[in-house]
Amino acid sequence: MIVEERMRTYINSLDMGNTPFLEELEKEALAGRVPIIRKEMQSFLKMFLAATRPMKILEVGTAVGFSTLLMCEYGPENLKITTIENYEKRIPIARENFRKAGRESQIEFLTGDAGEILKELTGTYDLIFMDAAKGQYINWLPDVLQLMHKGSVLVSDNVLQEGDIIESHYLVERRNRTIYKRMRQYLYELKHNPLLETSILPLGDGASISVKKEELYA
Ligand SMILES: C[S@@+](CC[C@H](N)C(=O)[O-])C[C@H]1O[C@@H](n2cnc3c(N)ncnc32)[C@H](O)[C@@H]1O
C-alpha cells in the first residue's frame with residue numbers, strides 16, 4: 001500500500017461510482033480475482049478523458065474489458081479504442097462484455113502478445129494506457145513511442161509496485177526482482193527521455209503520466 005489506507009478509503013468514499021453496467025462488471029471481475037484498475041485509476045481516467053477528449057486510444061492489457069468499457073463510457077461519443085489481450089481464458093469474456101455493453105463498433109480487440117502486436121500497429125493514438133505485463137513496459141517503450149504523436153499521452157499503471165520500487169534490491173522478494181529492476185529502468189527512461197515529459201504519481205499502485213513533446217522524426 002503506497003498511500004495510507006485511511007486516506008485511500010476517504011478519497012474513494014467521495015466517489016460517485018460508475019454506470020450500473022460497470023459497477024456490476026467490476027463486482028464480477030473482483031469476485032473472479034481478475035485484476036482491474038482500482039477506484040483511484042478509474043477516477044483519474046474519467047477526469048483525464050473529460051479534460052483531453054482523446055478520439056483514439058490504445059490499451060495494452062484488456063483482461064475482461066472493464067477499463068476498456070469505462071473509457072468508452074466516459075470518453076467522447078465517437079471514441080475508438082484498440083485493446084490488446086493474450087490470455088485465452090479472458091478473451092471470450094472480454095468479447096462478450098463488449099457485446100453486452102453494445103460497444104463492439106467502437107472497440108478493436110486484438111488478441112495475442114502485445115510485444116508482437118505493438119510492432120505491427122501503424123498510425124498514432126491520442127492516449128496509450130499501459131496495464132499489462134509490468135516487466136515488459138521497458139521493452140515495449142520504443143514501439144509505443146512510435147505510436148505517439150506530439151501531445152499524445154502515455155499512462156502506465158502499477159508502476160510503484162506496492163512500494164517495492166523504493167526498496168533495496170535485496171529486500172525485494174527474489175521472484176519480483178526482475179520486474180523491480182525493469183520497472184526502475186522504465187521510470188528512469190520516462191523521466192530522462194528528451195521526447196517525454198513525465199509525472200509519477202502515488203495514485204492507486206502508482207501511475208506515470210507522460211506526454212510526448214516532439215515528433216520522433218521531425
Ligand atoms: C491488470 S490486467 C488488465 C486490466 C484491465 N486494463 C482493466 O483494468 O480492466 C493485465 C492484463 O494484461 C494481460 N497481458 C499481460 N501480458 C500481456 C502480453 N504480453 N500481451 C497481451 N496481454 C498481456 C494479462 O493477461 C491481463 O489480463
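**Cavity, pocket and ligand**

Modeller: By the grid rule, the count comes to one cavity of 30 Å³ or more. Keep in mind that this is a predicted model.

Biologist: How much space lies in the largest cavity?

Modeller: A cavity is a set of points where a 1.4 Å probe fits but cannot get out. For the largest cavity, the space comes to about 30 Å³.

Biologist: Which pocket does the ligand take up, and how much space lies in the largest pocket?

Modeller: The ligand's space is the largest pocket. The volume of that pocket is about 590 Å³.

Biologist: Which residues lining the largest pocket are the closest to its centre?

Modeller: The lining has 31 residues. By class, the lining holds 14 nonpolar, eight polar and nine charged residues. Closest to the centre are Pro35, Asp131, Ala132, Ala133 and Lys134.

Biologist: Which residues are the closest to the ligand?

Modeller: The ligand is surrounded by 20 residues. That shell divides into ten nonpolar, five polar and five charged. The closest are Gly61, Ser67, Glu85, Arg90 and Asp113.

Biologist: What is the distance from an oxygen atom of the ligand to an N or O atom in the side chain of glutamate 85?

Modeller: A polar side-chain atom of serine 67 lies 2.8 Å from a ligand nitrogen. A backbone N or O atom of alanine 114 lies 2.9 Å from a nitrogen of the ligand. For the glutamate 85 side chain and a ligand oxygen, the distance is 2.6 Å.

Biologist: How much of the ligand's exposed area does the protein bury?

Modeller: Taken alone, the ligand exposes 600 Å². Of that area, the protein buries 90%.

Key
Residues are numbered from 1 along each chain as its sequence is written. This is a predicted model: local features need pLDDT of at least 70, side-chain atom pairs count only at pLDDT 80 or more; totals for chains, interfaces and linings use all residues. Side-chain values use heavy atoms; hydrogens and water are left out. A residue is near a molecule or strand if one of its heavy atoms lies within 4 Å of it. A polar contact is a pair of N or O atoms within 3.5 Å; within protein, one must be able to donate a hydrogen and the other to accept it, and residues adjacent in sequence count only if both atoms are side-chain atoms. Accessible areas come from the Shrake-Rupley method with a 1.4 Å probe; for residues, only the protein chains shown count as cover. On a 1 Å grid over the protein atoms alone, a cavity is a set of points where a 1.4 Å probe fits but cannot get out, and a pocket is an open set with protein on both sides within 12 Å along at least five of seven lines; lining residues have an atom within 4 Å of a point. A molecule sits in a cavity or pocket if more than half of its atoms lie within 2 Å of its grid points. Ala, Val, Leu, Ile, Met, Phe, Trp, Tyr, Cys and Pro count as nonpolar, Asp, Glu, Lys and Arg as charged, and the others, Gly among them, as polar. Grid points are joined across faces, edges and corners, and a volume is the space filled by probe spheres set on the points.
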